[in-house]
Amino acid sequence: MTDGVIDLRSDTVTRPSPGMRRAMAEAEVGDDVFGDDPTVKRLEARVAAMLGKDRGLFLPSGTMANEVALRVLTQPGDEVICEQGSHIYNYEVGAAAALAGVQLRPLEGSRGVLRVEQIEHAIRPSDIHLPVTRVVCLENTHTRAGGAIFPLEEMHGIRELTGGAGIAVYLDGARLWNASARTGVALDEYAAQADSVSVCLSKGLGAPVGSVFVGDHSMVERARRYRKMYGGGMRQVGILAAAGLYALEHNIARLEEDHRRAAQLAEAVEGCSRARLVGGKPDTNMVVLEVLDGPAEASRVQEELAARSVLVVPFGASQLRAVTHLDIGDGELEKAISVFRAVLS
Ligand SMILES: *Cc1c(COP(=O)(O)O)cnc(C)c1O
């Protein structure tokens, strides 16, 4: 990492490695709006195969993937059930309402996990006064819950419920890679619990840009049109897809290292007197901690960490978040732990 700064703000801060940059420089490209970019096509087919779906679509961001998905799966006025801490509800600038014209119905989960009965209860009966419940959106791992894993069995129960009711399940799987690496559940097993899924290449996998939406042929065909409408039709974008392919090849097997390092950092925090761990031991690569003396103290802690070259982000009142990733090796982790101990003890 440059300048000796240990950047734990997010796993999006990773920079493309020399090998990834080489793959990008050498990528075979064409105009992808014409469907001519062979590297994009390879990436889309590869991710679709990994997730067990018909086809994939490369998009510039996870936000665009989510919003295109909602547009494909709904009509204006429909209702979409989601979890109240979900990305789609909190961090997409109100796009679900602005772009798809849908109403989000947030339910309070437990560490991001919704129970079948909760969803069953929230499904609207058929009545002229009511919106139509069209989609259930799940998030795995759940960012706001600190990278929490949505268990396969829970997803399966929800799939069974919604399947009978004609309601689609959409999985925001920005960090599904982390869930799979941690649990050993295959990506396509998770994806089988949803009609369509999106995954990010730009988080723990370390690519500079990109998400892939997967689903059946007709969904992806329509998603391709909405991607164009939203300004996401890109040209010689094989340069970016090559980074994604490189990431799939080289950076999935190592995700467990990030999880191990997050666990080590969490353990160190547990031993500190000025803070406590939120949500117990991390499921994946995020450590969330609460500074005991309140919000002002939390921002002081953040500043003190930064003064010692360790960067974290505020994560709600009195809370801070640290994320391990590709550019944090054992050396960086060791230094981060000693800084945390110095500041928090
Ligand atoms: C990061 C993230 C997104 C959005 O991805 P961007 O590429 O930043 O737009 C969507 N969902 C979840 C759960 C995320 O963590």
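In the account that follows, Ala, Val, Leu, Ile, Met, Phe, Trp, Tyr, Cys and Pro count as nonpolar, Asp, Glu, Lys and Arg count as charged, and the others, Gly among them, count as polar. The structure is a predicted model, in which local features need pLDDT of at least 70 and side-chain atom pairs count only at pLDDT 80 or more, while totals for chains, interfaces and linings use all residues. Residues are numbered from 1 along each chain as its sequence is written, and side-chain values use heavy atoms, with hydrogens and water left out.

By these classes, the shell around the ligand has five charged, six polar and two nonpolar residues. This shell consists of 13 residues, the closest being G62, T63, T143, D172 and K203; a residue belongs to the surroundings if one of its heavy atoms lies within 4 Å of the molecule. Helix α3, at residues 62-73, gives the most to the shell, with three residues. Helices (H or I, at least four residues) and strands (E, at least two) are DSSP runs, numbered from the N terminus.

A polar side-chain atom of T63 lies 2.6 Å from a ligand oxygen atom, and a polar backbone atom of G62 is 2.8 Å from an oxygen atom of the ligand. In the side chain of R175, an N or O atom is 2.9 Å from an oxygen atom of the ligand. The protein buries 84% of the 380 Å² that the ligand exposes when taken alone; such areas come from the Shrake-Rupley method with a 1.4 Å probe, and for residues only the protein chains shown count as cover.

UniProt, in an unreviewed entry, lists K203 for "modified residue: N6-(pyridoxal phosphate)lysine". Positions from UniProt are given in the numbering used here, feature names are shortened, and annotations may be inferred rather than shown by experiment. K203 lies in the loop between β7 (196-200) and β8 (211-215). It counts as buried because its relative accessibility is 15%, where buried means under 20% relative accessible area, exposed over 50%, and partly exposed in between (1.4 Å probe, protein chains only). Apart from neighbours within four places in sequence, K203 is in contact with D11, T12, T14, A174 and R175; contact means heavy atoms within 4.5 Å.

The unreviewed UniProt entry also places the feature "domain: Aromatic amino acid beta-eliminating lyase/threonine aldolase" at residues 7-288. This span is 43% helix and 16% strand, and its end C-alpha atoms lie 15 Å apart.

Helix α12, at residues 255-270, holds D258. D258 counts as buried because its relative accessibility is 0%. Not counting residues up to four places away in sequence, D258 touches N285, T324, H325 and L326. With H325, the separation is 67 residues in sequence but 5.5 Å in space, C-alpha to C-alpha.

H259 is also found in helix α12, and its relative accessibility of 4% is why H259 counts as buried. The side chains of H259 and E256 are joined by a polar contact of 2.6 Å. Such a contact is a pair of N or O atoms within 3.5 Å; within protein, one must be able to donate a hydrogen and the other to accept it, and residues adjacent in sequence count only if both atoms are side-chain atoms. Leaving out residues up to four places away in sequence, H259 touches N178, A181, R182, T284 and N285.
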